[in-house]
Amino acid sequence: MIDVSGLPILSLIIFAPLVGAIALAFVPGDNVRLVKQVALATTLVTLVLSLLAAVGFGAAAEYVLPGSEGSSGFRYVETVPWIPFFGILYRVGMDGISLLLVVLTTTLTTISVVYSFGPIKTRVKEYMISFLVLELGMIGVFLALDLFLFYIFWEIVLVPMYLIIGIWGGANRIYATIKFVLYTLVGSLLMLVAILATAFTFQAANGGDWTGAFDLLTLRAAGGFDPTLQLFCFIAFFLAFAIKVPMWPFHTWLPDAHVEAPTAGSVILAGVLLKLGGYGFIRFALPLYPQAAHDLAGIIVVLSLIAIIYGAIVAIVQPDLKKLIAYSSVSHMGFVTLGIFVFQEQALQGAVLQMINHGIITGALFLCVGVIYERTHDRTLARMGGLSKPTPVFAGVFGFFVFASLGLPGLAGFVGEFLVFVGTFAVSPVAAAIAAFVMVFAGVYLLWMFQRIAFGPVSDFLKGLGHHLTDMDRTEVLTLAPLFALTIIFGLYPAAILDLIQQPVTDLLVALGSAPATGLVP
Amino acid sequence: MGGMSFAADPHAGIAAVTQAGSTEQLLLTLLLVLPIVGFTLTVVLGRRLSRPWIIAVPTIIVVWAIATYLSVQALIGDAFHGGAIQTTIYEWIPAGAFSVSFDLFFDNLTAVMLLVVTTIGMLVHVYSIGYMAHDPGKWRFFAYLNLFMFSMLLLVLAANFLLVFAAWELVGLSSYLLIGFWYHKRSAALANKKAFLVNRVGDIGFALGIMAIWTTIGTLDFVQVFDLLPAQLAGGHIEQWMMVGICLLLFCGAMGKSAQFPLHVWLPDAMEGPTPVSALIHAATMVNAGVYLVARSSPLFATAPEALILVAAVGIFTAIFAASIAFTQKDIKRVLAYSTLSQLGYMFAALGVGAWTAAIFHLATHGIFKGLLFLGSGSVIHGVHEEQDMDKMGALRRKMPITHWTMLIGSLAIAGIPPLAGFFSKDEVLGEAFKLGFQWVWLIGVVVALMTAFYMFRLMGKTFYGESHVDPHVEPHVHESPPTMTVPLIILAVLSVVAGAYLGLPLGDSTIHHWLAPVFHPALETMGVHAEPYQLFGIDGALILVSVAVATIGMVAAWRMFGFFRIHDRLDTVRALTARVPTLYQGSFHKWYFDELNDLLFVRIGGRVADAFAWFDVHIIDGAVNGVATLTRRAGDEVRQSQTGRVQNYALGIAGGLILIAVILLLVGTR
């Protein structure tokens with residue numbers, strides 16, 4: 001086994017995609033084969049590096065912030081002064097939650113790159129560079145422990161996604177991508193203001209010393225910001241993250257973005273980008289501004305409940321396959337914010353689980369939509385029907401992920417949702433009862449969708465395609481297989497995730513002043 | 001959890017729970033491993049096998065053998081002294097205080113359920129070799145059947161509420177796959193979706209009930225819940241109304257899976273599936289899951305008499321409601337489907353009055369004779385070339401003698417004619433209801449018994465007697481089914497004759513009572529129910545006479561109208577009769593318009609509501625977003641002479657706002 005303890009493993013993971021992107025810049029664009037090889041090699045190396053970090057995670061020492069007592073909960077921490085005048089650091093670190101999200105990112109990026117080999121025919125080099133830069137940004141967000149650094153990575157993510165939708169997207173791509181970028185930009189600029197306000201306050205309170213003013217660990221340990229400042233900063237962070245999740249009523253950019261994005265773009269959008277918001281709440285907004293989080297939790301819980309039910313109801317009547325799944329994401333991500341803001345141990349664990357599992361399952365669903373789209377160049381449900389007959393393997397795989405998304409026990413979606421339910425019930429049975437109605441609504445839109453695609457007689461539209469209507473090819477099987485396996489593994493053995501997130505969840509609840517529930521049994 | 005053991009004293013009220021020995025652990029695990037391996041192998045290899053059943057059927061025969069061995073050990077060999085064994089496979093969800101293990105649990109109730117599930121499951125597997133012989137997709141069929149067996153076995157073996165819920169959803173999945181087996185039929189695709197969704201409505205309750213159990217009692221493990229509950233109730237940690245709430249929530253789940261009114265609508269449509277599926281899943285095993293859940297939770301329900309009354313009321317209402325529909329249906333499988341609803345209603349009525357053992361007794365005998373009747377109807381449908389309308393049958397008894405005789409036995413059994421199986425169990429349900437003070441349940445139950453005998457012999461008469469109305473093209477080809485189909489029928493017919501007497505005798509001190517006494521003892525203790533001496537020449541005998549009398553009346557009436565000596569003016573009598581009560585006839589024939597009502601409420605009105613939500617999303621929420629953007633652009637246009645493009649203008653507006661906010665924040669933050 002390779003020992004990673006002596007290596008700056010996190011920096012390697014972050015910058016490996018950058019190295020690949022730079023290398024790609026020197027590859028002639030018409031040598032598509034080499035472009036693909038370099039891109040794939042880069043994502044594979046990044047994936048392997050993230051897996052090495054996972055393997056060594058248990059044995060790695062936890063970082064202790066100088067001058068503070070107790071562990072910070074982060075491992076592999078690297079600190080380099082970056083802009084010393086303002087105390088801005090290049091500081092990265094990893095806990096169980098970020099480990100899971102990084103591995104999710106490297107896995108889905110690899111799958112997306114492989115999947116794109118077929119469908120992407122124009123400007124392949126630029127496309128691959130965009131994906132690698134995107135990967136760099138996403139990993140950076142999950143690993144940054146300095147607020148300014150976090151902000152930089154957060155904004156880096158925006159640029160390649162803007163290009164991916166805007167250049168390789170569908171007919172209405174310009175509208176969708178500008179909407180996506182502006183909406184997200186509004187939130188993130190507000191967040192920048194809040195970051196600056198927090199740093200200024202900290203610096204002023206420390207007699208003008210900028211040391212640690214942008215450092216999450218220092219700020220978290222200092223704590224106790226003025227309630228009014230907390231409120232303003234929390235609202236600013238909240239808007240940034242709520243738009244990203246997206247929470248109701250900030251969600252309308254998502255269906256447009258999904259519909260126009262190329263398949264792999266949708267996979268990353270649903271699989272990773274939406275998680276940036278949930279992660280931001282857990283990593284930054286809650287520990288920095290616990291008082292404000294408490295004050296506003298009620299409203300956020302209500303917004304989450306609306307998202308869960310509303311998203312599901314709107315999904316029911318969507319005529320477009322991608323829009324339907326986009327609205328289902330609004331509903332599913334509602335569980336993440338609900339689980340976070342009831343401040344309860346099981347609910348918070350469920351929220352993290354839901355982030356990972358939604359990434360896997362919805363990523364897979366978008367790949368399945370891609371399989372249909374590649375053959376029909378259409379996503380209109382009304383034109384589909386009877387795919388079980390000509391493409392039985394695809395129908396089986398698609399059905400598998402439909403039921404995973406439905407929360408079938410034994411598959412990954414169930415455990416996270418149920419933990420959010422249980423934890424919410426312990427705090428507010430009424431909220432849990434409202435959310436529980438999604439069990440039926442989700443059934444309605446998912447089974448309706450599946451019926452209209454897979455069952456009944458083969459539709460005239462599909463018959464017209466004749467021999468073009470082939471079953472899944474090797475690349476498609478290869479890209480869906482790992483997600484298939486993970487869906488079963490995390491469904492049967494959620495301990496693989498739960499063991500990793502137990503400590504960060506407990507730490508966060510302690511920081512929030514909500515002691516973890518011990519159950520009622522003495 | 002598996003490691004704990006309690007004092008082995010059945011008289012103390014708590015059945016002993018011990019750690020399973022290594023043999024038992026292996027056998028219990030095999031019961032689950034074998035069918036899931038069978039499923040996986042059949043999915044992967046099935047299409048390439050010349051006999052696609054070659055993995056699935058032997059697998060279930062082995063499962064049946066293991067289950068029978070374990071059950072006989074427990075019930076007859078008394079190997080676990082009336083107690084239970086429990087074993088931990090692994091920890092499934094370790095989320096802090098919420099810790100759920102993959103634990104298996106085996107007591108006498110499990111043993112009875114295992115016998116029913118695996119015996120009928122095994123016979124249906126064998127039967128399907130013949131029934132599905134000409135279907136090109138039969139590998140899928142056998143794969144799904146094995147998946148169902150795995151799920152159903154997990155359901156009865158699970159040691160905690162969440163694992164039962166998991167299995168509950170998995171049997172729902174297998175049911176979905178099998179109802180929609182002929183997926184190219186639109187009706188099948190609609191029926192399986194309906195079944196799954198109606199079940200999900202009940203599951204909302206079940207899931208919330210599980211959450212309530214965990215938040216109030218702090219565990220989901222059966223043994224621990226039942227063990228902790230009395231002290232927590234006595235100590236005032238749990239209010240009694242909470243128990244009522246929990247039980248009602250659990251009952252919601254039971255109503256869905258066991259198709260009780262008003263969640264009954266999915267079961268008749270589920271007949272779209274191949275007939276062996278109707279026999280196994282939608283008559284003999286899965287639909288019993290709700291009954292099993294309530295029986296398994298008897299210590300909870302015993303503390304909530306208010307909930308039990310509702311269980312009894314819903315049960316007996318479903319019994320008479322469904323029987324009234326079975327009267328007039330023309331599709332042979334639909335008659336049997338409504339009959340199943342009605343009989344499940346009996347079981348819930350029994351649970352509701354506190355006759356726990358009688359409910360499980362009826363579950364077992366009903367599984368046998370209804371399995372028989374469905375497989376028999378499958379044989380008929382097979383014989384007349386996929387025709388299900390009884391108006392296009394008749395006079396089949398000579399051409400299909402084995403099917404006729406076995407179905408006749410099944411009909412006598414369900415009608416409650418002694419000494420067949422249904423007589424003993426139905427009599428026990430009704431007798432106990434009467435004696436426990438629920439005379440109204442008894443009275444309705446007796447009426448249902450009359451109706452049952454009538455509609456069953458209407459079915460027999462229209463199918464096997466009178467003149468043939470079979471399509472003349474099909475008529476010459478009508479034939480008895482192959483031995484793979486008739487042998488299971490004969491075995492089930494024999495069981496329908498002997499099982500009732502074996503389990504139900506001696507009256508008042510029956511075998512099944514001995515088997516299940518340790519399971520239901522705590523509940524009966526809590527409810528303060530004590531068995532009174534059996535009076536064959538008193539009240540009990542009188543109740544038996546009434547039951548048998550009404551059954552005979554129903555049978556004879558149907559026999560005269562539809563039976564052996566049917567002549568034309570009798571048929572006219574039937575028409576005249578129905579013409580005299582057109583409202584009742586039409587109401588019954590149209591299933592009291594529940595499908596229409598659901599269509600109106602959930603498809604038409606519900607669809608409009610969803611449309612309204614979607615409109616709101618596009619025009620109001622997204623409209624506001626785009627409106628803000630347009631406003632910003634207009635403002636930009638007016639402020640600036642030259643238009644530089646949308647992005648920059650947006651950015652300008654945003655930046656302006658941001659600077660404003662930043663100033664405010666800094667003023668506030670540094671104060």
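Reply: Helices (H or I, at least four residues) and strands (E, at least two) are DSSP runs, numbered from the N terminus. Pro276(B) sits in one of them, helix α10 of chain B, residues 275-284. The model is predicted: local features need pLDDT of at least 70, side-chain atom pairs count only at pLDDT 80 or more, and totals for chains, interfaces and linings use all residues. Residues are numbered from 1 along each chain as its sequence is written, and chains are lettered from A and ligands numbered from 1 in the order in which they are written.

Me: Why is Pro276(B) called buried?

Reply: Buried takes 20 or more other C-beta atoms within 10 Å of a residue's own (12 or fewer is exposed, in between is partly exposed; C-beta atoms are placed from the backbone). Pro276(B) has 27 such neighbours, so Pro276(B) is buried.

Me: What does Pro276(B) touch?

Reply: Contact means C-beta atoms, placed from the backbone, within 7 Å. Leaving out residues up to four places away in sequence, Pro276(B) touches several residues, including Val124(B), Tyr131(B) and Leu375(B).

Me: What makes α2(A) and α3(A) roughly antiparallel?

Reply: Their angle is about 160 degrees, with axes 9 Å apart. Axes are lines fitted to C-alpha atoms, for helices over the stretch in contact, and angles run from 0 to 180 degrees between N-to-C directions. Under 35 degrees is roughly parallel, over 145 roughly antiparallel, 65 to 115 roughly perpendicular, and the rest oblique. Therefore α2(A) and α3(A) count as roughly antiparallel.

Me: How many residues of chain B are in contact with chain A?

Reply: 52 residues of chain B meet 61 residues of chain A. On that side of chain B, α6(B) gives the most, with 15 residues.

Notes. Two residues are in contact if their C-beta atoms, placed from the backbone, lie within 7 Å.
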